[in-house]
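Q: Hi! Could you walk me through this one?

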Amino acid sequence: MAAIATLKDLYETLSPGLPGVGAAGLDRLRADGYARFLAEGVPTPKVEGWKYTNLRDLAGISLAPARSAANSDGAPSAWDLPSVAPGKTHRLVFVDGVFNAALSAVGPLPEGVALDSLRGLIDASPAYAAEVLDRFPAPKADSGLRVGPNPGRGQTQGLVALNGAFLAEGAVLTVGEGVNLAQPVEVVFVATAADGTWHPRLLIDVAPGARVTVAEHHVSRGGGATFANIVTAIRVGEGATLRHAKFQEEAETALHLASITATVAASATYETFVLTTGARLARTDVQVRLEGSNASTRVSGAYGVDGNRHADFTSLIDHVSPNCTSREVVKGVIDGHGRAVFQGKIIVRPDAQKTDGHQLNRALLLSDTAEIDAKPELEIYADDVKCSHGATAGELDEDALFYLRARGIPADTARALLIAAFLDEVAEEIGDPALRAHATSRIQDRIGRLTGITVDAADLAVEE
Amino acid sequence: MLEIKNLHATVDGKEILKGINLTINPGEVHAIMGPNGSGKSTLSYVLAGRDGYEVTGGSVTFQGKDLLAMEAEERAAEGVFLAFQYPVEIPGVSNTTFLKTALNAVRKHRGLPELDAMQFLKLIRAKAKSLNMNDDMIKRAVNVGFSGGEKKRNDILQMAMLEPGFAILDETDSGLDIDALKLVADGVNSLRGPERSMLVITHYQRLLSYIVPDHVHVLAYGKIVRSGGKELALELEAKGYAEFGSPEAA
């Protein structure tokens, strides 16, 4: 409880200085977040959804937003920040959780499109900012319908509540009805401090019939033991399409916890891809609610963990309405004492007839001490549905390895090729070409650092 | 070219090869025939350098070098090629990536310049055409969705690209119908030459009607028990392997 007592002091000290204080809507959202966090706290392994990911490391970290002096690698101009389409995106850049206008670049936007930093929006109109924030339903603590021994103990939303208590930084994208935003939107989070905590909120509101691509990048440029607690809230209106990807490549000393919640209306499409190759502990919770009929979602993820690192991909796909489709593919490579967690739940509610839901999780274990905990779950209450899930964990195929070596390919190159091929299949899940190409190149880069071998990404293309 | 002396090898602690002696000169094609379980595939894996096959005695010299001291990839680079009984499917790795990586690794080892993408494509297209393989097959993932005959032709394509000095064909006829067998044999025959030796491992005489050997050896229970010319294959086809005894007798 020591951490929480400290937090109370910090909250009381910090909250009067947050932007837009006094605006009724914002005050209410923050007070509510703080109260809910006090009630729920940091999730512990006693909570079902957190059984495999222990946040004990948070005990030594201040949960309130703060940062030490920047510890960055040279000048911002030399950071070489990632982009899915360099020079051709609308970008908001955040340094240690704080919006940085100088590094950001937003081009002329079509009518009906707005892209702002949350702080900027609050400064301009706290009431409007609160109204936008209110459009997004909070993630549900009770993830399923099942009445079990501990109903409602599945997921805890304490971290989302904590993020709400300190609402200030983040990005807000609204795309008006029928607008097709050709250039991708990017938000880039750069960790430079030796340590620090930030709670950014990303809001993406895609109106009916609109189309947009959004990429999140999380990187370190000299950053150390930083803690990012990111909440992304998404609405995809009727017939709209959002293609979203998150590339988490922070330093191996960072802590990264993220919640992505998307509500998808009738005939709309939401795609998301999550790359997890950085941080010593990273978890992304994805909740997709297929609210209208004929909605569809694709959720995919790739991760690579080694050393003593930990990566957790937890998802909930909630089929509320009939004729919706969902497809989830998550693959990862675990080396050293690395540990990965996959928890994937599909709920098919009683009205969601003709649901088509598929889920696949595959893990490649490169060492005897690597570990994967996989927990696929189907909870089906409708009778006319097609659902499947599969989970495998295995080692590199010895036959394939020998076949490659017998053709003169050195063992380490052969391993790199097989790992690249294994992960590249996930990138094939990504619909947007720019996101897919970036995912492939980041995967190759990570494998290059893991094995010391660079595989030419263009070479890997397989024609079916 | 290849000299095997008193070669002993074990798999999972069990002795499979019990003293093999064999000399293959440049340009010669030798066939090894024998009953199931005689050690034919073990011999091919031992020569190619597969992990899990422990050599407990004897020596293998290839072009004057100690073959057994080399890793599998080094043997391939030196010019030893194994055509697999069951070529492996590798999802996600295209044939072109696989072969370009292999060819350039081998060329580098042999002190030759690496080929760029254009040079490589030109070469593979020419070689594939002679094996009646289309562009589609060379772009697909290695052996994925290939028929038995296509897999074997793909192996022969690899052999044509890597230009080994010594090739081992391990039960290349298994799983092939007669048309596929002819295609594969034609591919192999086109690669015969005065500087290239081959070891053809087979259970049946059938293959040897298409790939005609200079010498035939019978391997039974870990030893070469008889050697002769190509007529020995016909004799074996007629009489079977019964006269070479059973594992208990060996």
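A: Happy to! One term before we start: axes are lines fitted to C-alpha atoms, for helices over the stretch in contact, and angles run from 0 to 180 degrees between N-to-C directions. Helices (H or I, at least four residues) are DSSP runs numbered from the N terminus. This is a predicted model, where local features need pLDDT of at least 70, side-chain atom pairs count only at pLDDT 80 or more, and totals for chains, interfaces and linings use all residues. Residues are numbered from 1 along each chain as its sequence is written, chains are lettered from A and ligands numbered from 1 in the order in which they are written, and side-chain values use heavy atoms, leaving out hydrogens and water.

Q: Great. At what angle do α3(B) and α6(B) cross?

A: Helix α3 (residues 95–109) of chain B crosses α6(B) at roughly 30°, and their axes come within 10 Å. The two helices are therefore roughly parallel (angles under 35 degrees).

Q: And which residues make that contact?

A: Taking contact as heavy atoms within 4.5 Å, α3(B) uses residues including Phe98(B), Ala102(B) and Val106(B), while α6(B) brings Leu157(B) and Met161(B) among them. By class, there are eight nonpolar, three polar and no charged residues. Here Ala, Val, Leu, Ile, Met, Phe, Trp, Tyr, Cys and Pro count as nonpolar, Asp, Glu, Lys and Arg as charged, and the others, Gly among them, as polar.

Q: How does α4(B) pack on α6(B)?

A: Helix α4 (residues 117–130) of chain B meets α6 (residues 148–162) of chain B at about 130°, with the axes 10 Å apart. That makes the pair oblique, the class left once under 35, over 145 and 65 to 115 degrees are taken out. Leu157(B) and Met161(B) take part on the α6(B) side, and Phe120(B) and Lys127(B) are among the α4(B) residues.

Q: Switching topic: how much area do chain A and chain B bury?

A: About 2500 Å², 63% of it on carbon and sulfur atoms; that is accessible area (1.4 Å probe) lost on putting the two parts together, summed over both. Phe402(A), Tyr403(A) and Arg407(A) lose the most on the chain A side, together 33% of what it buries.

Q: How many salt bridges link chain A and chain B?

A: Five, each a side-chain nitrogen of Lys or Arg within 4 Å of a carboxyl oxygen of Asp or Glu. Arg407(A) also pairs with Asp155(B) in a salt bridge, at 3.3 Å, N to O.
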